[in-house]
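Grab a pencil and have the 3D view ready. Here are a few exercises, each with a solution you can follow step by step.

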Amino acid sequence: MGYEPRKFDLKGLHGISDETLALHFKLYEGYVKGTNTLSDRIDAFLRDGKVDQEEMPAYSELTRRLGFEYNGMVLHEYYFENLTRESTARPDGAFRDRAERSFGTFDVWKVDFASIGNMRGVGWAICYENPANGRLSNHWITLHEHGNVAGFRPILVMDVWEHAYLLDHGSERAKYVEAFFANVAWQVVDGRLTAPR
Ligand SMILES: [Fe+2]
């Protein structure tokens with residue numbers, strides 16, 4: 001059974017326009033469709049119980065692409081989920097405590113995360129929790145699939161592909177990163193940290 005695209009009500013964000021979001025939801029739906037299509041095509045190879053040598057190149061390519069589409073789908077869901085038009089300026093719950101434990105202060109954590117967001121290239125800035133010790137660390141993800149740490153839990157996810165900011169901020173990516181911080185749903189972020197493992 002395939003995935004269904006989820007709906008997110010994000011109209012009226014600060015510095016991220018409804019037009020940008022409409023474009024973004026369309027792209028997200030494309031990733032859901034891509035995930036379903038590739039999964040179906042891979043399943044078709046498996047129906048006879050083997051992947052023979054002749055099938056291997058096509059099977060390999062589809063499987064590599066699945067990593068891109070799958071992460072593109074899931075990361076967009078994390079991203080949309082951690083945005084709200086009713087953001088509190090700064091976190092004051094579980095996330096703040098954890099950022100202080102991991103980085104010394106929230107502001108140092110923020111400098112690291114925002115700087116990753118301003119790196120050149122197309123991808124994501126993601127704050128992960130290491131479930132083994134509760135430590136937070138920030139990571140650069142190239143495209144959707146390169147750089148994710150196996151087993152770590154995504155806590156805060158920021159899209160820094162060009163479609164996330166070009167329409168609203170042109171090439172001024174730092175302005176988008178600040179706009180992102182004006183819309184973070186810190187309660188959702190806290191909830192990710194306190195959710196059962
Ligand atoms: Fe995106």
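The exercises below are about a predicted model.

**Exercise 1. Find which protein atoms are the donors of the iron ion, and work out why their arrangement is irregular.**

*Solution.* 
Step 1: Look around the iron ion. Its protein donors are NE2 of H24, NE2 of H76, OD of D159 and NE2 of H163. They sit 1.9 to 2.2 Å from the ion.
Step 2: Check the angles. The four donor atoms subtend angles of 85 to 141°.
Step 3: Compare with the rule. To count as tetrahedral, four donors need all angles between 85 and 135 degrees.

**Exercise 2. Describe how helix 1 and helix 2 pack.**

*Solution.* 
Step 1: Recall what you need. Two packed helices are described by the angle between their axes and the distance between the axes.
Step 2: For helix 1 (residues 18-46) and helix 2, the angle is about 145° and the axes are 8 Å apart.
Step 3: Helix 1 passes helix 2 in a left-handed crossing.
Step 4: Sort the contact residues of these two helices: 17 are nonpolar, eight are polar and four are charged.

**Exercise 3. Classify two of the aromatic pairs: F8 with Y28, and W109 with F181.**

*Solution.* 
Step 1: Get the total. The structure has 23 aromatic pairs.
Step 2: Take F8 and Y28. Their ring centres are 6.2 Å apart with 75° between the planes, and the pair is edge-to-face. F8 lies in the segment before helix 1 and Y28 in helix 1, 20 residues apart.
Step 3: Check burial, where the cut-off is under 20% relative accessible area. F8 has 16%, so F8 is buried. Y28, at 0%, counts as buried as well.
Step 4: Now W109 and F181. Their centres are 6.1 Å apart and their planes meet at 85°, so this pair is edge-to-face. W109 is in helix 4 (residues 106-117) and F181 in helix 6 (residues 173-181), 72 residues apart. Both W109 and F181 are buried.

Technical notes
Residues are numbered from 1 along each chain as its sequence is written. This is a predicted model: local features need pLDDT of at least 70, side-chain atom pairs count only at pLDDT 80 or more; totals for chains, interfaces and linings use all residues. Side-chain values use heavy atoms; hydrogens and water are left out. Donors are N, O and S atoms within 2.8 Å of the metal (3.2 Å for Na, K and Ca); water is not among the atoms, so sites may look incomplete. Four donors count as tetrahedral if all angles lie between 85 and 135 degrees; four count as square planar and six as octahedral if opposite donors are over 155 degrees apart and all others between 65 and 115; anything else is irregular. Axes are lines fitted to C-alpha atoms, for helices over the stretch in contact, and angles run from 0 to 180 degrees between N-to-C directions. Helices (H or I, at least four residues) and strands (E, at least two) are DSSP runs, numbered from the N terminus. A crossing is left-handed if the near helix is turned anticlockwise from the far one by less than a right angle, and right-handed if clockwise. Ala, Val, Leu, Ile, Met, Phe, Trp, Tyr, Cys and Pro count as nonpolar, Asp, Glu, Lys and Arg as charged, and the others, Gly among them, as polar. Rings of Phe, Tyr and Trp (its six-membered ring) pair if their centres lie within 6.5 Å; planes under 30 degrees apart count as stacked, over 60 as edge-to-face and the rest as tilted. Buried means under 20% relative accessible area, exposed over 50%, partly exposed in between (1.4 Å probe, protein chains only).
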